[in-house]
Amino acid sequence: MPAAYAAGAALQQQQQHQQMPQNLSIRTDLPHGSVRATGSGRAVGTATDSAGADRTSEPGSGANGSATADMRPQSRAARTPSRAPMTGDTLGRSSDAVPANNELAALLENVAPVYPAMLSLVARAFYDVVSQVLQTHERNGLEHAQCFTGRDAVDAIYAVIRASDRNLAIVVGRALEQQKLFHDVDYEKRLRDDANELYAFDEDVVAALLRAQHSDDGGNAAEAGGSSINGVFVMLTDCYSPTCSNTQPCYSVTCPRQRAQQDHLRRTAKSNVAGEMKLEKLWSMSVPAHVVKEVSRRELDRQERLYELFYGEKDYVRDLCILRDLYMKPLHNSDIVGADRRKNFITKVFKNALAVLAENLGLHRALEQRQRENFVCYQVGDVLEPFVRSLEAYLEYCANQPYSMHFLEAEKRINPRLRDFLEKTDRRPE
């Protein structure tokens, strides 16, 4: 019932802003709660996120599908990086480029160069560096051992691939994250350039990576097996044309720089469409024009916020219905998960999602009824009050989410049928 928490969340954000130093840029969309590190290294405080880190776009190309386009940077400069030698000047181009972790910075000064387009090589270099600065972090009263921050991850990748833009380091890191090299400790968010976000390596993937490295160093190839990290990050490959450069377009239609330009045009068109769709979710676009003209500017702003509450609850109910119809029911009625483990799996992964749906469905219907009474909604608190008093199901659902994600990821590793089902279902237009 996220709509019921809007006022409390805004107050909590305002209080946190008042406690922060004025010279920092604070991202209000980040999770609340302080983070501190114990052991060697630095104390982790609030930091800024890199611009464009959360942007997404449509699928792109890459070997074995390892580097998808929603991990690509937005700026053209980020797609055509200069891989200059690692020097103090290179790291000092901006304040964001200087690692805040002194121990990590010392390791990065001597990091060996790798071909940045090969994700397996980047993964090995990244693990070799970051594994030496793993710490125990505390967030929201919980301790997370052997983990690292998003800022440290981006610092390491930025140095390993010799990037000139931190956005590029973020998208390469997300390519590694997609191949399960590491994950958010709560299994919620993707890689962000932020010191408050915590990540941990996947032990199974790291073990396979080290076995493959042992094989490359002369070990027994049969025993080592292949690394689970593979693929080519196309935008970092070199063009075969000797006349191709960052400043002069290449004649080849397969040039990575040409592809980057085409992807930028597609993303621009997609953002324009998204902007047009956003207009459809405005109160002023859903009522007659004379109604909009009759209200004051302040009342117009109030109605837009209430309308956001209405359609936000509608979208949330729709998402829960999709969860029930496209995921829970097929898993319950098929043998994707073995019959002896199926009931336990559904209970642990989905917990009380149906109870949350029932609560929010009632709230959604009550809000729709209030919305139909008049073009201008004058009161909504009386509708929210009875539902706010019965939040037990929602609180239980949220508290169980990290455990659900952990159990789901564990099952996906050993169940290829589940992985195939989730991939196919995620691609459905619903």
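The legends below accompany close-up views of a predicted model.

**Figure 1. Overview of the chain.** The predicted model has a chain of 430 residues, of which 43% count as buried. The chain contains 18 helices and five strands. When contacts between residues at least 6 apart in sequence are considered, 67% of them join residues at least 24 apart. The views that follow take up parts of this chain in turn.

**Figure 2. The aromatic pair of Phe126 and Phe201.** The structure holds 12 aromatic pairs, and this view is centred on one of them. The ring centres of Phe126 and Phe201 are 5.9 Å apart and the ring planes stand at 65°, so the pair is edge-to-face. Because Phe126 belongs to helix α5 (residues 119-130) and Phe201 to strand β5 (residues 198-201), the pair ties together parts that are 75 residues apart in sequence. Phe126 and Phe201 are both buried.

Figure 3. Phe148 is part of strand β3 (residues 142-149) and Phe182 is part of strand β4 (residues 182-184), so the pair ties together parts that lie 34 residues apart in sequence. Phe148 has a relative accessible area of 1% and is therefore buried, and Phe182, at 1% relative accessibility, likewise counts as buried.

Figure 4. Strand β2 (residues 135-139) and β3 run antiparallel and are joined by four bridges. Arg139 has Leu142 of β3 as its bridge partner. Two residues stand between the strands in the hairpin of β2 and β3, where Asn140 takes a positive phi near 55°. Strand β3 also pairs with β5, again in the antiparallel sense, over two bridges, and in this pairing Thr149 stands opposite Leu198 of β5. Within β3 itself lies Gln146, which has a positive phi of about 55° although it is not a glycine. With a relative accessible area of 51%, Gln146 is exposed, whereas Phe148, which has a relative accessible area of 1%, is buried.

**Figure 5. Asp202 and its contacts.** Asp202 is located in the loop between β5 and α8 (203-216), and at 5% relative accessibility it counts as buried. The side chain of Asp202 makes a polar contact, at 2.5 Å, with the side chain of Arg413. Once its neighbours within four places in sequence are set aside, Asp202 is in contact with Lys180, Leu181, Phe182 and Arg413. Lys180 has a phi near 70°, a positive value in a residue other than glycine, and at 37% relative accessibility Lys180 counts as partly exposed.

**Figure 6. The buried side of helix α18.** In helix α18 (residues 416-426), the buried residues include Leu418, Phe421, Leu422 and Thr425. These residues cover an arc of only 95° around the axis, which means that they lie on the same side of α18. An α-helix has 3.6 residues a turn, so residues three or four places apart point the same way. The buried residues of α18 pack against α13 (297-333), α14 (339-350) and α17 (392-414). The N-terminal end of α18 is capped by Asn415, a side-chain oxygen of which lies 3.1 Å from the backbone nitrogen of Arg417.

**Figure 7. Two further sites, at Tyr158 and at Leu236.** Arg166 lies over the face of Tyr158, at 5.8 Å from the centre of the ring. Leu236, at the other site shown, is in the loop between α9 (221-224) and α10 (256-279), and with a relative accessible area of 1% it is buried. Although Leu236 and Val172 are 64 residues apart along the chain, their C-alpha atoms are separated by 9.6 Å.

Methods: Residues are numbered from 1 along each chain as its sequence is written. This is a predicted model: local features need pLDDT of at least 70, side-chain atom pairs count only at pLDDT 80 or more; totals for chains, interfaces and linings use all residues. Side-chain values use heavy atoms; hydrogens and water are left out. Rings of Phe, Tyr and Trp (its six-membered ring) pair if their centres lie within 6.5 Å; planes under 30 degrees apart count as stacked, over 60 as edge-to-face and the rest as tilted. Buried means under 20% relative accessible area, exposed over 50%, partly exposed in between (1.4 Å probe, protein chains only). A charge sits over a ring if NZ of Lys or CZ of Arg is within 6 Å of the ring centre and within 35 degrees of the ring normal. The arc is that of the directions from the helix axis to the C-beta atoms. Contact means heavy atoms within 4.5 Å. A polar contact is a pair of N or O atoms within 3.5 Å; within protein, one must be able to donate a hydrogen and the other to accept it, and residues adjacent in sequence count only if both atoms are side-chain atoms. Two strands pair if DSSP finds at least two bridges between them.
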